[in-house]
Amino acid sequence: TFFRPEKITLGWCEFYGCMILAAVFTARFVPIARILPGWGCIFRKMTGGWPCLSCGMTRSFDWFAQGRFGDSFLINPLGFCLALFGVLITLYTLAAPLRPPRPRLILGTKVRIAAGIFLSVAILGNWAFLLIRHHLGLWP
């Protein structure tokens, strides 16, 4: 169901969305790899080049901010989805003074369990994608 708030309200979803968008623009405009010595994936260094769960996320955010959406998705699908979520939630947050309708989610126990399983499968699927791409020699 949807409801229209009586006053401007911002919650955890808007907060996380804006944080993700800030991370996207930080990845785009702050050369972290040049500023911090030894910057990189510790897991990747320890395993001889095998990607971790989030390898390529910074580059995915950077390419998303550049408008290279296809490249952003191919380097890390999870990074693309997070960046897109951040943009959509930030746009919603900017519309907060207009009090747009908000969804009211009331999740039962079974739905929460299913959502947890779905998120776990999505994260592991993303990692499997990265591992397969590395195994095939398609890692940049």
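Mentor: Axes are lines fitted to C-alpha atoms, for helices over the stretch in contact, and angles run from 0 to 180 degrees between N-to-C directions. Helices are DSSP runs (H or I, at least four residues), numbered from the N terminus. This is a predicted model, where local features need pLDDT of at least 70 and side-chain atom pairs count only at pLDDT 80 or more, while totals for chains, interfaces and linings use all residues. Residues are numbered from 1 along each chain as its sequence is written, and side-chain values use heavy atoms, with hydrogens and water left out.

Trainee: Great. At what angle do α1 and α4 pack?

Mentor: About 90°, with the axes of α1 (residues 12-29) and α4 (residues 57-66) 8 Å apart. They are therefore roughly perpendicular (65 to 115 degrees).

Trainee: Which residues of α1 make the contact?

Mentor: Ala-23, Val-24, Phe-25, Ala-27 and Arg-28, where contact means heavy atoms within 4.5 Å.

Trainee: And how do α4 and α6 pack?

Mentor: The angle between α4 and α6 (residues 77-94) is about 50°, and their axes are 8 Å apart.

Trainee: New topic: which residues make up the largest nonpolar core?

Mentor: Eight residues: Ile-20, Val-24, Ala-27, Met-57, Phe-61, Phe-64, Phe-80 and Ala-83. At least two come from each of α1, α4 and α6. Such a core is a set of buried Ala, Val, Leu, Ile, Met, Phe, Trp, Tyr and Cys residues joined through side-chain atoms within 4.5 Å, buried being under 20% relative accessible area (1.4 Å probe, protein chains only).

Trainee: What does Met-57 contact beyond four places in sequence?

Mentor: Asn-76, Leu-78, Gly-79 and Leu-82.

Technical notes:
Parallel < 35°, antiparallel > 145°, perpendicular 65-115°, else oblique. Buried < 20%, exposed > 50% of the residue type's maximum accessible area, 1.4 Å probe, protein only.
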